[in-house]
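Trainee: I would like a close look at one part of this model. Please take it slowly and then set it in its surroundings.

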Amino acid sequence: MTAKIAYDEVEVGTELPAQSFPVTRATLVRYAGASGDFNPIHWNEKFAVGVGLPDVIAHGMFTMAEAIRVVTDWTGDPAAVVEYGVRFTKPVVVPDDDTAP
């Protein structure tokens, strides 16, 4: 078991405990409803493939939010994050099989 590192002990290269966040098509539907982003690449396999994607993909802002959860869960205070940026380099493909990638 890894000891919890204190916030003031963090330095460049510090690794936080790994986490995973399952994503299913149902997750994407709920996110679309909450965000208002009903782009068909996030729910319609035929459309997604038709525009050159391998399958339905998760919303970029959803994956961004899930990624920062590692930090906010660790700090215990979402307000502790005052700035956050990402670069989207690879889509999160979500197959229609009710199992999370």
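Is Phe 62 buried or exposed, and what is its relative accessible area?

Mentor: Phe 62 is buried, with a relative accessible area of 9%. Buried means under 20% relative accessible area, exposed means over 50%, and partly exposed lies in between, with a 1.4 Å probe and protein chains only.

A word on the source. This is a predicted model, in which local features need pLDDT of at least 70, side-chain atom pairs count only at pLDDT 80 or more, and totals for chains, interfaces and linings use all residues. Residues are numbered from 1 along each chain as its sequence is written, and side-chain values use heavy atoms, with hydrogens and water left out.

Now the ring. The structure holds one aromatic pair. Its rings belong to Tyr 31 and Phe 62, with centres 5.4 Å apart and planes at 65°, so the pair is edge-to-face. For the terms: rings of Phe, Tyr and Trp (its six-membered ring) pair if their centres lie within 6.5 Å; planes under 30 degrees apart count as stacked, over 60 as edge-to-face and the rest as tilted. The pair links distant parts of the chain. Tyr 31 sits in helix H1 (residues 25-35) and Phe 62 in helix H3 (residues 60-75), 31 residues apart. Helices are DSSP runs (H or I, at least four residues), as are strands (E, at least two), and they are numbered from the N terminus.

Ser 35 is partly exposed, at 36% relative accessible area. Its C-alpha atom is 9.7 Å from that of His 59, 24 residues apart along the chain. Arg 69 lies in helix H3. Arg 69 counts as partly exposed too, at 33% relative accessibility. C-alpha to C-alpha, Arg 69 and Ser 35 are 17 Å apart in space and 34 residues apart in sequence. Not counting residues up to four places away in sequence, Arg 69 touches Gln 19, Phe 21 and Trp 74. Contact here means heavy atoms within 4.5 Å.

Next, the segment after H3. Val 94 is found there. Val 94 is buried, with a relative accessible area of 0%. Leaving aside neighbours within four places in sequence, Val 94 is in contact with several residues, including Val 23, Leu 28, Val 56 and Ala 58.

Glu 11 is exposed, at 58% relative accessible area. From Glu 11 to Thr 24 is 34 Å, C-alpha to C-alpha, and 13 residues in sequence.

Finally, the whole chain. The protein chain has three helices and zero strands. The radius of gyration is 16 Å, well over the 13 Å that the globule rule gives for 101 residues, so the chain is more spread out than a compact globule. That radius is taken over C-alpha atoms, and the rule is 2.2 Å times the number of residues to the power 0.38. The C-alpha atoms fill a box of roughly 50 × 30 × 25 Å along the principal axes. Of the 101 residues, 22% count as buried. Among contacts between residues at least 6 apart in sequence, 63% join residues at least 24 apart.
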